[in-house]
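Visitor: Hi! I'd like to walk through this one with you, a few places at a time.
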Amino acid sequence: MGSLRLENIRKSFGKVEVLKGIDLEVKDGEFVIFVGPSGCGKSTLLRVIAGLEDATSGNVLIDGEAVDHVPPAKRGIAMVFQSYALYPHLNVRDNMGLGLKQAGRPKAEIGERVAVASKMLGLDKYLDRRPAELSGGQRQRVAIGRAIVRSPKLFLFDEPLSNLDAALRVNTRLEIAKLHRELSATMIYVTHDQVEAMTLADRIAILNEGRIEQVGTPMELYNRPANLFVAGFIGSPK
Ligand code: ADP
Ligand code: MG
């Protein structure tokens, strides 16, 4: 399971309100993309969902249960950032398995999970390498692998492709789409790239200045944009 419900999420930093009442329901297994201009609150919203930031008001529910008092490590969420945040002194195997090791899981289970995930991502030949010996795309796949091994209820991606060059970006995008199909996992993905949003999402939520302007399938947004902002962002003809 891995459904998510956001109820009137507000978040202020000092006097500045960055999230101004976000309501959204994400079904188990859905791929939802938050898209919107820089500074509109996308990363803050992901951090609130992950529990890395407390909302000023509102509720986050995972599988129907409010998680306000559940610490990040216990939410069943794995987050993948644009900077890969790998440990330089650990090889691929240990970077991928570290979270499980810290959670006290048995060595054999960690080895098995890392083997499955690294095969899925085409990293099985690189398990003994350190991050410095990998390309940017491979490093990002290690970061994705580190999320997969934990079998999270919810994957959160924050602009995972923005540090990659154009060709790698397409490759990694296709890989993420494949993972979504294979794992039937719930994924929430932030980008400011319309192409990524249109090609990956089951539904897209368009954010602007801390509010959701419209939520719908890529075709719904393209064919029936609610306003000029959405039309401009999605590139529909009106
Ligand atoms: P996005 O990811 O859409 O680019 P962010 O969620 O990172 O936007 O930021 C939204 C707004 O909140 C920005 O104006 C940013 O400067 C502000 N902000 C984000 N985090 C903090 C923080 N820890 N303290 C103060 N302001 C912040
Ligand atoms: Mg951001």
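Visitor: Let's start with Ser 151: buried, exposed or partly exposed?
Guide: Ser 151 is partly exposed, with 13 other C-beta atoms within 10 Å. The cut-offs are these: 20 or more other C-beta atoms within 10 Å of a residue's own make it buried, 12 or fewer make it exposed, and anything in between is partly exposed, with C-beta atoms placed from the backbone.

Visitor: What should I keep in mind about the model and its numbering?
Guide: It is a predicted model, where local features need pLDDT of at least 70 and side-chain atom pairs count only at pLDDT 80 or more, while totals for chains, interfaces and linings use all residues. Residues are numbered from 1 along each chain as its sequence is written, and chains are lettered from A and ligands numbered from 1 in the order in which they are written.

Visitor: Thanks. Where does Ser 151 lie?
Guide: Ser 151 is in the loop between α4 and β7 (154-158). Helices here are DSSP runs of H or I with at least four residues, strands are runs of E with at least two, and both are numbered from the N terminus. Ser 151 and Ile 212 are 61 residues apart in sequence and 29 Å apart in space, C-alpha to C-alpha.

Visitor: What does UniProt say about the chain?
Guide: An unreviewed UniProt entry places the feature "domain: ABC transporter" at residues 4-234. UniProt positions use the numbering used here, feature names are shortened, and annotations may be inferred rather than shown by experiment. Residues 4-234 are 37% helix and 26% strand, with the end C-alpha atoms 25 Å apart.

Visitor: Let's switch to ligand 1. Which residues are around it?
Guide: Phe 13, Val 18, Ser 38, Gly 39, Cys 40, Gly 41, Lys 42, Ser 43 and Thr 44. To count, a residue's C-beta atom, placed from the backbone, must lie within 6 Å of the molecule.

Visitor: And which helix gives the largest share of that shell?
Guide: Helix α1 (residues 42-50), which supplies three residues. By class, the shell has three nonpolar, five polar and one charged residues. Ala, Val, Leu, Ile, Met, Phe, Trp, Tyr, Cys and Pro count as nonpolar, Asp, Glu, Lys and Arg as charged, and the others, Gly among them, as polar.

Visitor: Which residues of α1 are buried?
Guide: Lys 42, Thr 44, Leu 45, Leu 46, Val 48 and Ile 49. After α1 comes Gly 51, whose phi is positive, near 90°.

Visitor: On to α3. What are its buried residues?
Guide: They are Ile 110, Val 114, Ala 117 and Ser 118. They cover an arc of only 95° around the axis, so they sit on the same side of α3; the arc is that of the directions from the helix axis to the C-beta atoms. Ala 108, Glu 109, Glu 112 and Lys 119 are exposed on the other side.

Visitor: What do the buried ones pack against?
Guide: They pack against α2 (92-102) and α4 (136-148). Contact here requires C-beta atoms, placed from the backbone, to lie within 7 Å.

Visitor: How far does α3 reach?
Guide: α3 (residues 107-120) has 14 residues and reaches 20 Å from first C-alpha to last, close to the 20 Å expected at 1.5 Å a residue. The expected span is 1.5 Å times one less than the number of residues.

Visitor: What follows α5?
Guide: Ser 184, whose phi is positive, near 45°. Ser 184 is also touched by Gly 29, as are Ala 185 and Thr 186, not counting residues up to four places away in sequence. Gly 29 is in the loop between β2 (16-26) and β3 (31-35).

Visitor: Which other non-glycines have a positive phi?
Guide: Among them are Asn 8, at about 45°, and Asp 63, at about 50°. Most residues other than glycine have a negative phi. Asn 8 is in strand β1 (residues 4-13), while Asp 63 is in the loop between β4 (57-62) and β5 (65-66).

Visitor: Last one: what does Pro 218 touch?
Guide: Met 198, Ala 201 and Ile 204, again leaving out residues up to four places away in sequence. Pro 218 is in helix α7 (residues 218-223), and its C-alpha atom is 6.3 Å from that of Arg 203, 15 residues apart along the chain.

Note on methods. Contact = placed C-beta atoms within 7 Å.
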